[in-house]
Amino acid sequence: MKILLAEDDPSIKIIAKLTLQRVGGHEVVTSENGKEAYEKALSEKFDLIILDHMMPIMDGLETCQKLKNNPETKMIPVIFMTAKNQKTDIEAGFKVGATGYIVKPFDAKELCAEIQKIYSKHLWSKAS
């Protein structure tokens, strides 16, 4: 699976990228902020997008909303991976079109398993 990972914290970005590559076997492209992630989503083909909630320039909620409002990117599943774990934060993520929500910190194997589960659920719902 080709994944776009938008994360502004350098250490979390490195850990998540290595985890997704080594444990999950995925190809991972990273971005530093929501604006860059949105631009990459328009210029490359991704199977899945992972967004942090809080990012500079354009936050995850705005990025997700733009992705879901664009015919070229609206079908790509978006997962939030964030430390924001309040019920209102999670509801806000799903309200703008997220397919899943993963709370940091994450365990490497659990991260990959959860992403696979969310992606499979997305494929199943598309087929129905």
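Buried residues, defined as those under 20% relative accessible area with a 1.4 Å probe and protein chains only, make up 45% of the 128 residues in the chain. The model is predicted, so that local features need pLDDT of at least 70 and side-chain atom pairs count only at pLDDT 80 or more, whereas totals for chains, interfaces and linings use all residues. Residues are numbered from 1 along each chain as its sequence is written, and side-chain values use heavy atoms, with hydrogens and water left out.

The chain contains 5 helices and 5 strands, assigned as DSSP runs (helices, H or I, at least four residues; strands, E, at least two) and numbered from the N terminus. Their order from the N terminus is β-α-β-α-β-α-β-α-β-α. Along the principal axes, the C-alpha atoms fill a box of roughly 35 × 30 × 30 Å. Of the contacts (heavy atoms within 4.5 Å) between residues at least 6 apart in sequence, 60% join residues at least 24 apart.

In soluble globular proteins, nonpolar side chains tend to be buried together. A nonpolar core is here a set of buried Ala, Val, Leu, Ile, Met, Phe, Trp, Tyr and Cys residues joined through side-chain atoms within 4.5 Å. The largest such core has 19 residues, and those with the most contacts inside it are Leu4, Ile49, Leu51, Cys64, Leu67, Val78 and Phe80. Two or more residues each are given to this core by strand S1 (2-6), H2, S3, H3 and S4. H2 supplies the largest share, 3 residues. Another core, of 15 residues, lies apart from it and includes Leu20, Ile79, Met81 and Ile115.

Helix H3 (residues 60-69) has Gly60, Thr63, Cys64, Leu67 and Lys68 as its buried residues. These cover an arc of only 130° around the axis, which puts them on the same side of H3; the arc is that of the directions from the helix axis to the C-beta atoms. Their cover includes helix H2 (34-43), strand S3 (48-51) and strand S4 (78-82). Beyond its neighbours within four places in sequence, Cys64 is in contact with Leu51, Val78, Phe80, Val96, Gly97 and Ala98. At the start of H3, a side-chain oxygen of Asp59 lies within 3.2 Å of the backbone nitrogen of Leu61.

Conventions: Buried < 20%, exposed > 50% of the residue type's maximum accessible area, 1.4 Å probe, protein only. Polar contact = N/O pair within 3.5 Å; in protein donor to acceptor, adjacent residues only side chain to side chain.
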